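Let's take a walk through a protein model together. Keep the sequence and the 3D view open, and find each residue as we come to it.

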Amino acid sequence: MVQGLPDWLGWAWFAWTLPFLWIGITMSVRRTADAGIMPWFGFLVLVPLVNILFMIAMCLVPTRQEDYWSRTRGLPGSASAKDAAMSIGVSLVLGGGMLVSVSYTH
């Protein structure tokens, strides 16, 4: 798609998609928690074709009175060091995987 175009354009497209990827993942995770479903199912939004069925299902599932966060965790901001380390580690692995996949496409 980018043959004959400047090299920086591929990186610009990659940078342009990051906010939309972030919004899609965070909103899907929040919606699953709001529906009382384990938030990890929110990552189904990343699987092609499954994401369409997932989004339709999330539109039809009603909101639970008691959300997932209040059942499993304390108040917001009470995350442990283990949770923080795990989130940083997952972010580094996913970000590194994206960078490697972009570099191999050139």
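Start with Phe43, which counts as partly exposed because its relative accessibility is 30%. The cut-offs go like this: buried means under 20% relative accessible area, exposed means over 50%, and partly exposed is in between, with a 1.4 Å probe and protein chains only. You'll find Phe43 in the loop between H1 and helix H2 (50–60). Helices here are DSSP runs of H or I with at least four residues, strands are runs of E with at least two, and both are numbered from the N terminus.

Before going further, a word about what you're looking at. This is a predicted model, in which local features need pLDDT of at least 70 and side-chain atom pairs count only at pLDDT 80 or more, while totals for chains, interfaces and linings use all residues. Residues are numbered from 1 along each chain as its sequence is written, and side-chain values use heavy atoms, leaving out hydrogens and water.

Now zoom out. The protein has four helices and zero strands, so reading from the N terminus you get the pattern α-α-α-α, with helices and strands taken as DSSP runs. Of its 106 residues, 17% count as buried. The accessible surface comes to about 8,400 Å², and 73% of that belongs to carbon and sulfur atoms; these areas come from the Shrake-Rupley method with a 1.4 Å probe, and for residues only the protein chains shown count as cover. What about contacts, meaning heavy atoms within 4.5 Å? Among contacts with a separation of 6 or more, 53% are between residues 24 or more positions apart.

Together with Leu18, Leu21, Met38, Trp40, Phe41 and Leu46, Phe43 forms a nonpolar patch with about 640 Å² of accessible area. Patches are built from residues with over 30% relative accessible area and no salt bridge; like charges are joined within 9 Å, and nonpolar side chains (Val, Leu, Ile, Met, Phe, Trp, Tyr) within 5 Å.

Next, look inside. In soluble globular proteins, nonpolar side chains tend to be buried together. Which residues make up the largest nonpolar core here? They are Ile25, Val29, Val45, Phe54 and Met58, five residues in all. H1 and H2 are the elements that give two or more residues to this core. A nonpolar core is a set of buried Ala, Val, Leu, Ile, Met, Phe, Trp, Tyr and Cys residues joined through side-chain atoms within 4.5 Å.

Ser28 sits in H1 and is buried because its relative accessible area is 9%. Leaving aside neighbours within four places in sequence, Ser28 is in contact with Gly42, Val45 and Phe54. Not counting residues up to four places away, Thr32 touches Ile37, Met38, Pro39, Phe41, Gly42, Phe54 and Met58.

Stay on H1, which covers residues 8–34, and find Gly10. Gly10 is buried because its relative accessibility is 19%. The C-alpha atoms of Gly10 and Val102 are separated by 8.6 Å, although the two residues are 92 apart along the chain.

Rings of Phe, Tyr and Trp (its six-membered ring) pair if their centres lie within 6.5 Å; planes under 30 degrees apart count as stacked, over 60 as edge-to-face and the rest as tilted. The structure holds three such pairs. One of them is Trp11 with Phe14, an edge-to-face pair at 6.1 Å centre to centre and 90° between the planes. Both lie in H1, three residues apart, about one turn of the helix. Another is Trp16 with Phe20: the centres are 5.7 Å apart and the planes are at 50°, so this pair is tilted. Both Trp16 and Phe20 are exposed.

Finally, there is one salt bridge, meaning a side-chain nitrogen of Lys or Arg within 4 Å of a carboxyl oxygen of Asp or Glu. Arg31 forms it with Asp34, and their closest N and O atoms are 2.9 Å apart. Both residues lie in H1, three residues apart.

Terms used
Contact means heavy atoms within 4.5 Å.
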